[in-house]
Amino acid sequence: MSVAVAFDHVSKQFTLHHSRPHSFQEMLLHLFHPGKRHNNGWGREQFWALRDISFEIAQGETAGLIGPNGAGKSTALKMMARILEPTSGRITVNGRVSALLELGAGFHPDLTGRENVYLNGTLLGLSQQEMRVRFDDIVAFSGLERFIDMPVKHYSSGMYMRLGFSIAIHVAPDILLVDEVLAVGDQAFQTKCMERIYDLKRQGITIVIVSHALETLRTLCSRLIWIEHSDLRAVGPSDEVAAKYLRHFQIQENERLLQSGSQIDPGQRWGSGEVEITGVRFLDARGEERKAFQTGDAMTVEISYRAHEPVDEPVIGLAIYRQDGTHINGPNTRFGGLRLGRVSGSGTVKYHIPYLPLLAGTFDLSVTAYDLPMLHPFDHQHRAYTFQVVQGGSRELYGIFEVPGEWAHEANGRRQEGTPWPVRHYPVAAPNGHH
């Protein structure tokens with residue numbers, strides 16, 4: 001298969017200019033003490049946006065660039081569009097490129113929408129006659145008929161995006177480059193844009209798209225290119241690279257949450273104090289502390305307590321809330337059939353979830369110690385702890401939790417079934433509540 005885009009050991013370096021001295025005296029100080037330039041933020045810094053990147057995108061392929069902000073994805077796209085030239089290495093692009101990279105890029109603010117449509121066509125090598133043939137379709141798709149003769153400097157960001165995207169898809173490109181700008185605009189137009197991108201994909205147009213909507217890219221693209229900290233981390237089939245990327249993100253997020261710790265506001269805690277909850281940890285299947293999980297992971301909530309005097313039959317419980325306040329559940333040792341008897345001194349209670357059904361999101365945890373009738377609080381810590389569920393453990397995307405189910409289709413005497421739900425075997429709790 002022919003190659004549409006190829007990066008061969010490509011690197012791109014920028015020079016960052018820091019703030020200049022604000023007075024003559026400050027300039028003299030820097031002249032006589034050059035070492036203080038960088039200490040005071042004045043001077044130049046060499047920054048590598050991309051380092052030794054190599055990959056190929058085949059003609060007719062839809063490829064996605066993923067990675068965190070500042071990774072170099074947009075720089076790579078601009079080099080494909082020949083807006084930027086590499087510092088070293090070689091870039092090959094075969095075919096007419098149409099790019100939607102930045103809001104207003106290629107637009108002259110003092111020209112009208114109509115004039116900018118023709119200007120963009122000229123920049124892409126199309127004649128006035130070719131643009132006249134396409135003009136009505138461009139305007140109709142953008143929905144800007146009433147504003148097409150208004151100077152674009154009066155356009156909103158959404159109007160810029162509408163017109164820019166409409167031009168990009170109507171100029172018969174061989175290669176379409178799309179940056180994150182599709183996040184701008186109303187939901188209806190975003191849906192319209194994605195439908196057109198799928199249509200171009202069916203036509204065999206090469207598409208390279210940058211987006212943080214990983215699941216969209218996973219569905220749309222046959223391959224993903226993961227760039228992080230200016231380096232190429234992975235290239236390959238979408239599902240494979242997305243799984244690696246999500247695992248990497250989960251590890252990073254877990255480290256961040258563990259370092260941040262938990263601080264309990266006085267308004268989040270109340271109780272008489274005979275039994276005090278002294279610590280809460282989230283443990284994975286190996287018993288290691290974590291604060292970021294995927295749907296389907298095993299999770300154990302470990303609650304440590306200290307009874308400052310003998311207490312009969314305290315009830316230890318917890319409650320999970322989505323960060324918007326939605327109450328997910330509220331199990332406790334009494335409901336679970338685990339009686340603690342008379343407690344004195346320190347102890348630990350564990351609540352084990354063999355398969356975490358929660359979908360991606362941030363969740364708060366309340367932990368409590370009450371008397372047996374659950375009327376008197378010894379210690380109630382309300383939404384005092386936080387954990388995250390990151391994407392990657394489920395095919396489901398929408399809602400709060402995963403509900404096991406299977407799809408089937410029957411037509412013309414034939415039956416078709418979807419991918420079966422994974423069969424999982426969970427340990428059965430003993431009568432005393434221990435596993």
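**Strands, helices and rings**

Tutor: Strand β3 (residues 62-66) and strand β7 (residues 206-210) run parallel and are joined by four bridges. Strands pair if DSSP finds at least two bridges between them. Helices (H or I, at least four residues) and strands (E, at least two) are DSSP runs, numbered from the N terminus. Within this pairing, Ala63 has Val208 of β7 as its bridge partner.

Student: How should I regard the source of these values?

Tutor: The model is predicted, so local features need pLDDT of at least 70 and side-chain atom pairs count only at pLDDT 80 or more, while totals for chains, interfaces and linings use all residues. Residues are numbered from 1 along each chain as its sequence is written, and side-chain values use heavy atoms, with hydrogens and water left out.

Student: In what order do the six strands of the open sheet stand?

Tutor: The order is β5-β6-β7-β3-β8-β9, with mixed pairing. At the edges stand β5 (97-100) and β9 (231-237); each has a single partner strand, so one side of each is left without a neighbour in the sheet. On average, neighbouring strands of this sheet are turned by 15 degrees against each other, direction ignored.

Student: Which strands does helix α3 lie across?

Tutor: Helix α3 (residues 73-80) lies across β3, β5, β6 (175-178) and β7, and runs at about 140 degrees to β3. Such angles run from 0 to 180 degrees between N-to-C directions, and axes are lines fitted to C-alpha atoms, for helices over the stretch in contact. Contact means heavy atoms within 4.5 Å. Helix α7 (residues 187-202) also packs on the sheet, where it touches β3, β6 and β7, and its direction makes about 145 degrees with that of β7.

Student: At what angle do the axes of α6 and α7 cross?

Tutor: The axes of helix α6 (residues 157-170) and α7 cross at roughly 10 degrees and come within 12 Å. That makes α6 roughly parallel to α7; angles under 35 degrees count as roughly parallel, over 145 as roughly antiparallel, 65 to 115 as roughly perpendicular and the rest as oblique. Residues of α6, including Met161 and Phe165, meet residues of α7, among them Phe189 and Ile197.

Student: Is Leu220 buried or exposed?

Tutor: Buried means under 20% relative accessible area, exposed over 50% and partly exposed in between (1.4 Å probe, protein chains only). Leu220 has a relative accessible area of 0%, so Leu220 is buried. Its place is in helix α8 (residues 214-220). Leaving aside neighbours within four places in sequence, Leu220 is in contact with Thr62, Met194, Ile197, Tyr198, Lys201 and Ile209.

Student: How is a pair of aromatic rings described?

Tutor: The distance of the centres and the angle of the planes describe such a pair. Rings of Phe, Tyr and Trp (its six-membered ring) pair if their centres lie within 6.5 Å; planes under 30 degrees apart count as stacked, over 60 as edge-to-face and the rest as tilted. The structure holds nine aromatic pairs. In one of these, the rings of Tyr155 and Tyr160 have centres 6.2 Å apart and planes at 70 degrees, so the pair is edge-to-face. Trp226 and Tyr245 also form an edge-to-face pair, with 5.3 Å centre to centre and 85 degrees between the planes. This pair links distant parts of the chain, since Trp226 lies in strand β8 (residues 223-228) and Tyr245 in helix α9 (residues 238-260), 19 residues apart.
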